[in-house]
Amino acid sequence: MSTAELHTLTGAYALHALSAEERAEFERHLEDCAPCAQEVRELTATAARLGLAVNVTPSAALKEQVMRRITTERQDPPKVQQPSPASGARRRGRALPRFVLAACVAAATAFGGVAVWQQQEASDAREEARRSERQSEELASVLAAPDAKVTTGKLADGASGTVVVSRERNKAAFLASGMPEPPSGKVYQLWFDDDGTMRPAGLMDGSALTGPALAVLMEGPVDTADGMGITVEPAGGSERPTGAALALMDFPTA
Amino acid sequence: MNEVVHIGGIAPMPPDLQELLGRVARGDRDAFSHVYDAVCGPVLGLVRAVLRDPAQAEEVAQEVLIEVWRGAARFQPSRGSAMTWVLTLAHRRAVDRVRSAQASSDRERKAALLDRTPAFDEVTEEVESRLEREQVRRCLRTLTELQRQSVTLAYYRGLAYREVAELLAVPLGTVKTRLRDGLIRLRDCLGVGA
Ligand SMILES: [Zn+2]
């Protein structure tokens, strides 16, 4: 989605009317777009007024139940250490089916695009887990796609990268081994190469890079992209590459 | 049940709800009891509007209230009022529930929606806080028909904008824009600050 299009999603976002994928994409946009973040705060408060207007009187029994339940419900600590999506995925120990690369990536599956904005809501840990799960399944489905094509290239310092593209699923995955952690305050950002124009395709943070290998589902559709790139960007990522390219790889042709 | 009736202004809630939440975050059950009294009516009303099934609504409202207890420490005043935080949680939960139920009964649900385009009146049958309701109704009337339908279908029925577009037979881009400019008009009419 273009940045201009993303700016128009504030209302749909405040009304929870976006799909999970669009929601995630918009939340990444919110980290970089102060006007949208401000508008979202206002429109969320406006939506809450629609909620206030449908006030009903609850039964006394409901309060009794809730008050009883909180006596045994553990509270979240004030400073919540955000669970890394990668560690959640590792715990799940999800086996990636069949595909020849599966064995090397099963140990460390990582995901880009951690949306900090979303973490404020208490339901988010669960939502994040669900999202990781969905992405994990999607990643597996790309790796296992019958039309998956593979290219491997050398990155700096002995690291290597492999890109898997399924035109049928319109998705790509990036697998790396031996990549060092990015410098502090920086992240690796993936890009689709649309004939020379780089389109953001998600982030890999430092925590994703522990372990012998990692696989990341690239965010967004492949569409007409003919290659991909990786750059080092400030935390949160950039709209356009600003850092040095670690790698530029052409997608395998059919 | 305390009536929560506030007109206009930035914070449609008791002035001390934010402070109460701070105490809840430290495990204060007495403070939680006050928070419960302030938010439970709107939470249940909203969840019931979206789910339309009283038993399910009560179940989801209970989950939301427990989540307020558990997650009070995550409330950030800089992001909006305490009531907004709670009702945003409630809406999200209700929408999640509607969408998961939807997978199984997609066709019946669409048929029912088409059969009965929601009117705001229908949603507000059980409203108690008359002043808040009147103000919201008045402001909804300042919207265009398409803005009003888009916003109410998304908010009170928990529809994704794609479903709204399908239901109203208008392009996706139009619905996105109507949701935004409709809410902006409501924001200005209600005098909502950030
Ligand atoms: Zn924006």
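How many salt bridges are counted between chain B and chain A? I took a salt bridge to be a side-chain nitrogen of Lys or Arg within 4 Å of a carboxyl oxygen of Asp or Glu, and the count is eight.

**Basis.** I worked from a predicted model, in which local features need pLDDT of at least 70 and side-chain atom pairs count only at pLDDT 80 or more, while totals for chains, interfaces and linings use all residues. Residues are numbered from 1 along each chain as its sequence is written, chains are lettered from A and ligands numbered from 1 in the order in which they are written, and side-chain values use heavy atoms, with hydrogens and water left out.

**Interface.** I looked up one salt bridge, in which the side chains of B:Arg70 and A:Asp76 meet at 3.2 Å, N to O. I then looked up the extent of the contact (heavy atoms within 4.5 Å): chain B gives 77 residues and chain A gives 61 residues. The two chains bury about 6,600 Å², with 59% of this on carbon and sulfur atoms; buried area is the accessible area (1.4 Å probe) that two parts lose on being put together, summed over both.

**Zinc site.** I next recorded the donors, which are N, O and S atoms within 2.8 Å of the metal (3.2 Å for Na, K and Ca). The zinc ion is held by A:His7 (ND1), A:His29 (NE2), A:Cys33 (SG) and A:Cys36 (SG), at 2.0 to 2.4 Å. Along the chain, these donors have the spacing H-x21-H-x3-C-x2-C. The site is tetrahedral, with angles of 106 to 115° among the four donor atoms; the term requires all angles to lie between 85 and 135 degrees.

Key:
Four donors count as tetrahedral if all angles lie between 85 and 135 degrees; four count as square planar and six as octahedral if opposite donors are over 155 degrees apart and all others between 65 and 115; anything else is irregular.
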